[in-house]
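This briefing covers domains, salt bridges and a chain interface. Please look at the structure first, then read the points below.

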Amino acid sequence: MWSVVKSVLAALIGVQSNVKRQQDFSSGKPLIFIVTAIVITLVFVLILVGVALVAAR
Amino acid sequence: MAPKLPPQHPLQHSSTVVADGQSHDAHSAHPKGVMRWLLTTNHKEIGSLYLIFSLIMFFIGGIFALVVRAELFQPGLQLVEPEFFNQMTTMHGLIMVFAAVMPAFTGLANWMIPLQIGAPDMALPRLNNFSFWLLPVAFTLLLSTLLMPGGGPNFGWTFYAPLSTTYAPPSTTFFILALHIAGISSILGAINIVATILNMRAPGMRMMDMPLFVWTWLITAFLLIAVMPVLAGLITMMLMDINFGTSFFDAAGGGDPVLFQHLFWFFGHPEVYIMILPAFGIVSAIIPTFARKPLFGYASMVYATAAIALLSFLVWAHHMFVVGLPLAAELFFMYSTMLIAVPTGVKVFNWVTTLFRGSISFESPMLFALAFVVLFTIGGFSGLMLAIAPADFQYHDTYFVVAHFHYVLVPGAIFAIMAGVYYWLPKWTGHYPNEKLAQCHFWCSIIGVNLTFFPMHFAGLAGMPRRIPDYALQFADFNMLSSIGAFFFGVSQLIFVLVVVLCVRGGKKAPAKAWEGAEDLEWSVPSPAPLHTFETPPVFNRTQSSD
Amino acid sequence: MHLPWRWLLTITCAVSCSQAQANGWNMPVGVTDLSRDIYNLHMTIFWICVVIGLIVFGAMFYSLYRYRHAKGAKPANFHENTTVEVLWTAIPILILIGMAVPATATLKKMYDTSDADLDVMIIGQQWRWRYEYLGEDVAFNSNMSTPWEQIHGEEEHGEHYLLDVDEPLVLPINRKVRFLMTADDVIHSWWVPELAVKQDTIPGFINENWVKINEPGIYRGQCAELCGVNHGFMPVVVHAMEEEEFDSWLAERKEAQEQEAMGVDREWELDDLMARGESVYRAICSSCHQSEGQGALPAFPALANNQPMIDDFDWHLDVVINGVSGAAMPAFRSTLNPVELAAVVTYTRNAWGNDTGDVVQPALVAEKIAQ
């Protein structure tokens, strides 16, 4: 699971080594990556909202 | 618009007539003349139709821009009245966005995506025909509003309510209908592209083997499917406000004019990326070809495109920094907008690194692609400046913004389209474009574009608001330069037409692999590409991802 | 704060902060503390972009020159380097955070509208600004005063072509003035570059902004949001005065306005109303109904020889006071006072051959408004 999260985070900032990518594409099912990506996106938005709310105080 | 489309335009003629002859026996029921173009389901023919349509619209929208620039040549009202001026700025924006840039990319997608993934045609050929022929209908309707009593749309291409509802000319209902039709066309086109890419790749071609043009279009198509319905909902609410007595956007009836802007920009910001992501794909195809070196960071390009697309849904209110949002909202949208610079920067760095230690030659597609990288980046810099919310209070709705988005759309999107056309013309017509004329077109365009849009930065910073038919005397010099540049740029585009027409008629014969460094599947079919290609799926050789 | 942006900021200030007025090429430094902050942010981000641009374009043009095919360059085949990619993702993020910190601080200052010494209501209307000094009983309209003859090229352009108004907004220096901003018809945007205030005025909303001017002077701006046909002819002029001067100006205005209010009860002569009505018509009505009442179809009907209007006096008065719902004609009940309303109705009923001879008394108008 942690490796999935790491891959998604790497994708989010756009860096991922080729070796790792080959692994991901041969091993995991795509659905796991897609769900993780959606969750991480939501977390990212919430973090940004949180930062904005804190900064606005 | 149908009569304006010559049924036997030279480009279509020569790119298909040979192939037509070849495949004639297999398709003996093939209609002739106008009916052939009305009924065609061939992705190459439909691609050509899209491209010709968008070229015509590019010139119509360009003429509107020149009316604007002519009026702004000097202070004072000389040529047109403010009312007509507003119609021209509005129509210029609408035509260029919805009828020139978007159909041009769809045309390139139609031609190239099946060729690049080894598919025989688009997944839904009849739908493909329908989505194209909706466009001439939509834009004939839109242009006809200029002749209606009260004139055409005069509220800017962003058509903010209540100026576009309670205070709009009577023709606004036609404008709404036209936009609905164009929106349906976009959605259908996008569905077709997604279906093609996901289902019709050559055996052995995985997602991460697809050329970047295909990747960027896949992501663009998802953006289109996501936001076009928002636009449709928005204009339907306008329609109700205008004709059926609702008050979605009318404060007097309890409505909310700011809601309009939230909805518009929730559509509008992804729309901006719809117009630039396929351009990234084209440039990512051309630069490696002429640097004779694989694209640096293919995977990160894909991820960066996805990240830009994702972020595009989170930044809409940076167009609304001065409408009085709460502080926390301003901060959220400022931060998210600044973050877009990161994936965009990654792309630029990747292109530059692709050039590094390559073996670079400067044919016309490469020149346009290089100009794209430099000038798009300049547009990106002014975008970064606009993202700084406190400073945006000064930049907002000035010519600085006009300069910014023209830098990302003209030497951005449009240069990429032209680069793509020069790059793929040998494949379409079997002839190389005349290199001397193409280079002449390039240098004229690059001078024209900078002369037109660079002074606008200064005019905006010095305090000139956008969309005004007349201006104070301190802006006179900048405007005169811009107007001269605009006419120079406009006239230079005739060279482009000349190059294309000459290339269709003849020229140096191109082999299947027209460019030395070109790698993708489209270069494995003969030039010109026959009407039907990849009827048996090709063998896909994994060149890039295997090492 | 020992961040690099501080350092950059100092340089940029030394280079370019020498003058407070617009130099015609760049954003004006302006005359408020906030406008100075904004200018510094603008220049900082500008120089950051210049430096990044020099590095990126430098690397690009070096490669283009050094690795020309024509010179026989042999291409390398690398296409990946995770370290480099992580680096050029991380460095921009750090730069952006460095920018976000001062930007956030400035934005928070801009949003702090508390403890104002004076409240001014700014109302956008097609195509003028209305200013109301809240709690002071002073209110007036501010129309562009550049003559249309200049715009159409029949006269020389004046010095402040398109940026002159009949009555500027008068503000004191060194006092915090809060603006409450709204609009009567469509969205407008009130903007004065040297005050670094730009805020949309939106019907149904009240936006807030504020300004504390450091130097007396006349500052000019324009409407920044497309608001219809005369969007380009809706200037903003702010006259910033010393505090005592402002106080006496305000007292004078108050008195004049009271005088005007007393005029409602007096019996007016036709000639006086005609003279007054003509000036109101020029300032308010002529941008739509045109200078000779000829109108501009389809939106703006002619007033000269408009038979229904001539025949139906009550309807005419009602339209001017209450507007026409769903059409471009706004209600003028709160924009104009009863004397002005009476004068302009009298004028339109007697000018351009409409010679009805009707004299509309302000008292009657006041009564209609009260209904």
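A salt bridge is a side-chain nitrogen of Lys or Arg within 4 Å of a carboxyl oxygen of Asp or Glu. By this rule the count over all chains comes to 17 salt bridges. This is a predicted model, in which local features need pLDDT of at least 70, side-chain atom pairs count only at pLDDT 80 or more, and totals for chains, interfaces and linings use all residues. Residues are numbered from 1 along each chain as its sequence is written, chains are lettered from A in the order in which they are written, and side-chain values use heavy atoms, with hydrogens and water left out.

**Salt bridges in chain C**

- C:K368 and C:D314 meet through their side chains in a salt bridge, at 4.0 Å from N to O. C:K368 lies in helix α10 (residues 362–370) of chain C and C:D314 in helix α8 (residues 313–322) of chain C, so the pair ties together parts 54 residues apart in sequence. Helices (H or I, at least four residues) and strands (E, at least two) are DSSP runs, numbered from the N terminus.
- C:K368 counts as partly exposed at 28% relative accessibility, and C:D314 is partly exposed at 47%. Buried means under 20% relative accessible area, exposed over 50%, and partly exposed in between (1.4 Å probe, protein chains only).
- C:R276 forms a salt bridge with C:E340, with the closest N and O atoms 3.4 Å apart. This pair links distant parts of the chain, helix α6 (residues 270–289) and helix α9 (residues 338–350) of chain C, 64 residues apart. C:R276 is partly exposed at 22%, whereas C:E340 is buried at 17%.
- In the salt bridge between C:K254 and C:E136, the closest N and O atoms are 3.2 Å apart. C:K254 is in helix α5 of chain C and C:E136 in the loop between β2 and β3 (138–142) of chain C, 118 residues apart.

**Domains 2 and 3 of chain C**

- Chain C is divided into domain 1 (4–111), domain 2 (118–261) and domain 3 (264–370); these bounds come from an automatic or database domain assignment.
- The centres of domain 2 and domain 3 of chain C, taken over C-alpha atoms, are separated by 24 Å.
- In contact (heavy atoms within 4.5 Å) are 12 residues of domain 2 of chain C and 14 residues of domain 3 of chain C.
- Between them, domain 2 and domain 3 of chain C bury about 990 Å², 39% of it on carbon and sulfur atoms. Buried area is the accessible area (1.4 Å probe) that two parts lose on being put together, summed over both.
- C:W127, C:R128 and C:E260 supply 43% of the area that domain 2 of chain C buries against domain 3 of chain C, more than any other three residues.
- Zero salt bridges are counted between domain 2 and domain 3 of chain C.

**Interface of chain C and chain B**

- 90 residues of chain C are in contact with 97 residues of chain B.
- Chain C and chain B bury about 7,800 Å² between them, with 71% of it on carbon and sulfur atoms. On the side of chain C, C:H79, C:W88 and C:L226 lose the most area to chain B, together 9% of what that side buries.
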